[in-house]
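Please keep the sequence and the model in view while reading.

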Protein chains: 2
Amino acid sequence: MITPLEKARQNPGSMKARILNSARRLFGDYGFHGVTTRMVAKDVGIDISTLHYHWGDKQNLYESVVADVNDEICEKLIEIEKKVHGKSLRVRLEVAIEVMADYLFDNPEASNLILFSYFGKTRPDSIMDSKMSEYVTNIAIAMGLAPDKMDVSPQANARVLAVWNSVINFTSGENLFRSILDVDRKQYIEVVKETLRFILIPAFTKE
Amino acid sequence: MITPLEKARQNPGSMKARILNSARRLFGDYGFHGVTTRMVAKDVGIDISTLHYHWGDKQNLYESVVADVNDEICEKLIEIEKKVHGKSLRVRLEVAIEVMADYLFDNPEASNLILFSYFGKTRPDSIMDSKMSEYVTNIAIAMGLAPDKMDVSPQANARVLAVWNSVINFTSGENLFRSILDVDRKQYIEVVKETLRFILIPAFTKE
DNA sequence: ATAATATTCCATCAAAAGATGGAATGTTTT
DNA sequence: AAAACATTCCATCTTTTGATGGAATATTAT
């Protein structure tokens, strides 16, 4: 059985895909309640009933968007793991910061959607919760913060979360933070990467 | 001229204050668009017109809530600065983590509102932006990351922001993160504080 | 070409949401 | 006590919003 999400991905120019992309950007900007189906339809240049035809109700469209973003991030994590396999903790962090920052700066709506879906009280994503729990644990082990899957302490997981959070915030808060730092986009990206290295690496590489 | 917000603060039991508090919690949980005036009124146990009578339109109520939270956080920062004045960078961080974490865990809606107002595209808070910019710069100087007010580099400001972000995220994301770490509230608070110390202190205290 | 299927839009509905006027009630001032 | 003012709620209005039925159009299969 092929899901609408897979269909949209298979044909990037299709109406399904166009709707998904508009929805992704808008939900990322304004959150679930801040976006109306009419806004999305207008952005795509179609009627709302066409939107409902392809994606069902608003909730379903939103969940598809969140699933889309989560899958993408999952792929990124796998890509990173491939690159850093067997490397030192310092290199792991350097590469992870570089790759994740680049991805999130290219897809700011992804970062926002993650924040919205994590931090709001409206989180029906119990599937995502367990998926994320698994990722975090795996990363903790890969980083050598825990011996094996059966014995990952809350402390180890919390440290992984702290790393993850740092990256997310700077990309989601770009608008505000850039005005505070008073730099252009290119400079901002560099400053953020440098800051992340400054903050994160010493914690994990000290003797 | 006395503002409605000051009036509400002067009399904590008043209708103005009760509405403000309900609105604060609800807006913190669901964001501006996720809350209806009827929700707030129902939570207080009053009619919507009473709400409008005291606070005007929804936008105005929301802005009062944000201003309320910002003022409170500003007070906390001043309180911290008093405690750590003249102390070492390590102690500064330890105290800041302790006090801010305690405050935000006691007032999770504050943390959420900050995130909502920082990260959403709907930020008409240009006043807050400049205020925050000033705080960040002051902290950077107090932390010895910059020589004087005229010469605070983006790097220095970014480091202050990184510290601030770390604390915010763990309090806003408590629901999700606690389920990942699988700990109770008390344990969670301790793990978070420990993790923040683990991540933040080495970066600023290494030779 | 024709039938079957898929897609799109127009018109419309019902519910939700922001907002207000004005009557009723309570409080303060004179 | 009476007048002036403040507070509260009920009824109601308008706009927005999510959603759908059905006709029109395009696409694909036979």
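The model is predicted. Chain B can be superposed on chain A with an RMSD of 0.0 Å, by a turn of 180 degrees and a shift of 0.0 Å along the axis. The two copies are therefore related as by a two-fold rotation axis. The copies meet through the same surface, because 100% of the interface residues of chain B are also interface residues in chain A.

Within chain A, helix H2 covers residues 15–34. A straight helix of 20 residues would span 28 Å, whereas H2 of chain A spans only 23 Å between its end C-alpha atoms. H2(A) also contains a kink of about 85 degrees, and the kink is centred on Gly28(A). Most of H2(A) is covered, with 14 of its 20 residues buried.

DNA strand D is surrounded by 16 residues, of which the closest are Arg38(A), Lys58(A), Ser49(B), Tyr53(B) and His54(B). Of the atoms of DNA strand D that come within 4 Å of the protein, 49% belong to sugar and phosphate.

DNA strand C is likewise surrounded by 16 residues, and the closest are Ser49(A), Tyr53(A), His54(A), Arg38(B) and Lys58(B). Sugar and phosphate make up 50% of the atoms of DNA strand C that come within 4 Å of the protein.

| Residue | Part of residue | DNA strand | Distance to phosphate oxygen |
|---|---|---|---|
| His52(A) | side chain | D | 3.5 Å |
| Tyr53(B) | side chain | D | 2.7 Å |
| His54(B) | side chain | D | 2.6 Å |
| Tyr53(A) | side chain | C | 2.6 Å |
| His54(A) | side chain | C | 2.5 Å |
| Thr37(B) | backbone | C | 2.9 Å |

Which elements supply the surface near DNA strand D with two or more residues? They are helix H3 (37–44) and helix H4 (48–55) of chain A, together with helix H4 (48–55) of chain B. H4(B) gives the most to this surface near DNA strand D, with four residues.

For DNA strand C, H4 of chain A and both helix H3 (37–44) and H4 of chain B each supply at least two residues of the nearby surface. Here H4(A) gives the most to the surface near DNA strand C, with four residues.

Definitions and conventions. Residues are numbered from 1 along each chain as its sequence is written. Chains are lettered from A and ligands numbered from 1 in the order in which they are written. This is a predicted model: local features need pLDDT of at least 70, side-chain atom pairs count only at pLDDT 80 or more; totals for chains, interfaces and linings use all residues. Side-chain values use heavy atoms; hydrogens and water are left out. The expected span of a helix is 1.5 Å times one less than its number of residues. The bend at a residue is the angle between axes fitted to the seven residues ending there and the seven starting there. Buried means under 20% relative accessible area, exposed over 50%, partly exposed in between (1.4 Å probe, protein chains only). Copies are superposed by least squares on the C-alpha atoms of residues with pLDDT of at least 70 in both. Contact means heavy atoms within 4.5 Å. A residue is near a molecule or strand if one of its heavy atoms lies within 4 Å of it. A polar contact is a pair of N or O atoms within 3.5 Å; within protein, one must be able to donate a hydrogen and the other to accept it, and residues adjacent in sequence count only if both atoms are side-chain atoms.
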